[in-house]
Every structure is written in C-alpha cells, then in structure tokens.
Amino acid sequence: MNAALLARLQTDLDVRRTTSGLRHDLVASGIQGSVLRVDGEMLVNFAANDYLGLAGDPEVLESAQRALRDLGLGVSAGRVLCGTRDIHGQLEAAIADLVGAEDAVLYGSCFDANLGTFDALLGRSDAVFSDALNHASLIDGIRLSSARRQVFGHADLADLERRLAAGADARHRLIVTDGVFSMDGDIAALPQLVGLARQYDAALMVDDSHATGVLGATGAGTAEYYGLDGGIDVLTGTLGKALGGGAGGFVAGSHAVVETLRQSSRPYIFTNAMAPALAAAAITAIRIARRSPNLRERLAANTAWLRKALSDLGYDVLPGDHPIIPVMLRGGSLARDVAAALRRDGVLAFALSHPVVPAGEERIRVQVSAAHTTAQLELAAAAFARASTVMAVA
Ligand SMILES: Cc1ncc(COP(=O)(O)O)c(C=O)c1O
C-alpha cells in the first residue's frame, strides 16, 4: 500500500481512537427479534427498527425461501438489462398501493433512493429546501445534484417560509423532510408543509423510512397519520425497517416522477437488481402490515407504556408518540455509561453521540417493537431504574 496514504490513515485513526473512540460493530447471532444473542448472552433488543416484529416472521421467511428456491439467489444483472423479474413489478405495485401513489420504483436501499432522486429530478436552476435534521442520505443526495441547497432550521416553518419566499427565482422549489426524524423520533408537521408547498408552488418530498408500515391506520405512513389526502409529490422509504427488515428502498409518486427515475436515476440504472427473495419477503411483509392493525395498536401501546415508565423514573424523554424514544443523557460519557449499565442488566439500547447527534445532545435511543412483551418492557424499565440510582442521572 502507498506509504503516505497508509501513514495518514493510521494517524487519523489514532486521533479518533483517543478523542471520540473507534466504533466497533456489535456482532449478534440468530434471527433479529425482541431478544438477541450477543456474545452468548441473551439481551432484550431495543436497538432495531423492527417496529412490527416482522424480521423473524415465519410467513415472511417462508416466502423468501420459496423465492430463493424458484428464482435463485440473485440475477447478476441490473434492472435495465436482464435483471427484472415479475416479482419486482409486483413489489413496486404493492408499495404504490400501500402508500397511495400512482407508481413506485425499487432501489437497493433507501440510501440509494435518496442519493438517486435529486439529480434525476432537478437541475441547476432549481432549489431544494432541506430540514436541518434530515437523514444523511438526503443530504448526500442533494449534494450530488446541481440544485441550490437551502437548509432550514429543524421543523422551523417560519425559517422555511422566509427561504421559500426568497427563492422565487428558482424554476422549481422542492421542500424535503424526513417523515419521522430518526434521532429525535418527532414527526414532521406535514399538514403545514403541504400548506407551504401549495402557497409557494413548491413540490414536497418526504422520506418515510421510519413511518411506512408504522404510522396511520393501514401503515401508509406520515400522511395517513395526519389524515392527509395527497400533497406529497415524492415519497421515499425503506424495506429495511418495519417491512421485514430485509433490504431495499423505494421512491413512490406520480408516473412521471417514477418514469423519470427509471430513465435517469443513476443508483437505479448502474447497479444489480434486488434479489428476488428480498422482494418476495417485502411483499409478504407489506401484506401482513396492511392486514394487521393489531400490530400497530400493540406497538403504540408498548411505546406509550415505556415512554411513561421512563418519564416517571425522571428521565428526560423527548416528547412524541413514535416508537423511537430518545432518552437524553447529555454530556461526557453519561449516555454510554448508562447504556453499558443497561447491557449488564440484559437490555440492548445504543448511546448516540457526536457526530450522529450534536455534541451536548447525547442520548440513548430506545426503539420499541410490537414484538416486545410486557415482561420485556418491564425489564427495560427496571434496568433504567437501577441505572438512575447508580448514576444519579434522573
Ligand atoms: C430516515 C432514513 N432514511 C433513509 C435511511 C436508509 O435506509 P436504508 O437502510 O434502506 O438504506 C434510513 C436508515 O437509517 C433512515 O433512518
């Protein structure tokens, strides 16, 4: 290896090790579920995005196995060559139907979907208005396009409106927001964003990765949560969270949006097609999600119970009703120390620190699932209670 590059990388890693510390991926074994085996220890899992508990669902796994047997592992070709199978179209139709869009197009991940959308839809005479806490993939996707970028304060509608008014010279103005913000668990003010979009003749794009399958009576996402009928021009989401947790992302919208992406979105064109088994699993997960309001009811009840229990213990829990529960433990290594204490008590939840959240906004992100039992929720509350007395954090 090139000596100069090697030396520089070593130095940078050493600096990182002594400042923020190096991240080491936790290696778990077995199927993702409300209990996870880590280093031979069984931990109750509050760290996954498996909101409906479908990652280990026997029906989902069975459909993937059937597709694996009938259609093989993968297609060794892009969608635009000979990689497209019926099952890709079936999944795209199921997604469009779930979210109430005319059409949908699949990507390898939602990260790819977000990377590939802006450049395909917008040009240099356009402007994007992006919430300051939008997901990294939206930020990177905007950077890859030639559109002008305006970042408005998180959920700051007045700031957004000022910027929209000042950006009247743009050919198109596109407002972009997460539907649910992954670090804070708050839900975007979609009715107001739709109103501003209409007022300023702007388009609206929503990344509903933490809402698809989770929010709304049928799991259609943030718009359904608010009872909105329309108003979102471009919707992106993932198959890697509530909808089975396999992998894959999508963009849903009008035929014109979706067809434009099929024609010119680089992460759609220049990559291998989704493995058929993943598509089959996602179709089954969507079917289960739609027919099972009881899973969302259970998820909501679990979330409300744990949010209240942690608040009653004195923890600073960011308000909301999404199953992402941010428990604020600001400053130094407090969040990490509490996460370690929880782990000793058999509970897995991650501490988040800079650069994932701003310095001084450290927290533990607790993620609830419909699969959690009452006993598992009580165990988590008891572990937080012990941590609060040992560390005087609450
Ligand atoms: C809001 C948001 N968008 C996009 C992504 C990326 O999704 P995927 O895992 O499908 O790439 C994530 C996942 O972390 C997310 O939280």
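Predicted model: local features only at pLDDT ≥ 70, side-chain atom pairs only at ≥ 80, totals over all residues.
In which sense do β12 and β15 pair, and over how many bridges? They pair in the antiparallel sense, over five bridges.

Four strands form an open sheet, in the order β11-β12-β15-β14. The pairing in this sheet is antiparallel. β11 (316-317) and β14 (350-352) stand at the edges. Each of these edge strands has a single partner, so one side of each is left without a neighbour in the sheet.

Now look at β15 itself. Five of the five residues of β15 are buried, so the strand is largely enclosed by the rest of the structure. R363, R365 and Q367 point one way from β15. I364 and V366 point the other way. Both groups are buried. Across from V366 in β15 stands I325. On the β14 side, three bridges join β14 to β15 (residues 363-367), and the two strands run antiparallel. There, L352 stands opposite R363 in β15.

Helices lie across this sheet. Helix α13 (residues 293-312) lies across β11, β12 (324-328) and β15. It runs at about 10 degrees to β12. Helix α14 (residues 334-344) lies across β14 and β15. It runs at about 175 degrees to β14.

Step back to the whole chain. The domain assignment gives domain 1 (21-52 + 293-391) and domain 2 (58-291). The C-alpha centres of domain 1 and domain 2 lie 27 Å apart. How many residues of domain 1 are in contact with domain 2? There are 17, and they are in contact with 16 residues of domain 2. On the side of domain 1 that touches domain 2, α13 and β12 each supply at least two residues.

Next comes another sheet. Seven strands form an open sheet in the order β4-β10-β9-β8-β7-β5-β6. Its pairing is mixed. Why is one side of β4 (103-107) and of β6 (148-152) left without a neighbour in the sheet? These two strands stand at the edges, each with a single partner strand, so one side of each has no neighbour there. Neighbouring strands of this sheet are turned by 20 degrees against each other on average, direction ignored.

Follow β7 within this sheet. Six of the six residues of β7 (residues 173-178) are buried, so this strand is largely enclosed by the rest of the structure. R173, I175 and T177 point one way, while L174, V176 and D178 point the other way. β7 pairs with strand β5 (residues 127-131) in the parallel sense over four bridges. Here F129 stands opposite I175 in β7. β7 also pairs with β8 in the parallel sense, over five bridges. In that pairing, L174 stands opposite A203 in β8.

Continue to the next pairing. Three bridges join β8 (residues 203-207) to β9 (residues 234-238), and these strands run parallel. M205 stands opposite V234 in β9.

M205 also leads back to I175. Leaving aside its neighbours within four places in sequence, I175 is in contact with F129, L160, L193, L196, A197, A202, L204 and M205. I175 belongs to the largest nonpolar core, which has 120 residues. Together with I95 and A282, I175 is among the residues with the most contacts inside this core. The largest share of the core, eleven residues, comes from helix α12 (residues 276-291). The core draws at least three residues from each of domain 1 and domain 2.

One last stop is L54. It lies in the loop between β3 (41-45) and α2 (58-71). Is L54 buried or exposed? L54 counts as buried, because it has 30 C-beta neighbours inside 10 Å, and 20 or more are enough for that label. Leaving aside its neighbours within four places in sequence, L54 is in contact with V60, L243, G244, G245, A285 and I288. The C-alpha atoms of L54 and D207 are separated by 21 Å. Along the chain, L54 and D207 are 153 residues apart.

Note on methods: Residues numbered from 1 in each chain as written. Core = buried A, V, L, I, M, F, W, Y, C linked by C-beta atoms within 7 Å. Buried ≥ 20, exposed ≤ 12 C-beta atoms within 10 Å, placed from the backbone. Domains from an automatic or database assignment. Contact = placed C-beta atoms within 7 Å. Pairing = 2+ DSSP bridges. Axes fitted to C-alpha atoms, helices over the stretch in contact; angles between N-to-C directions.
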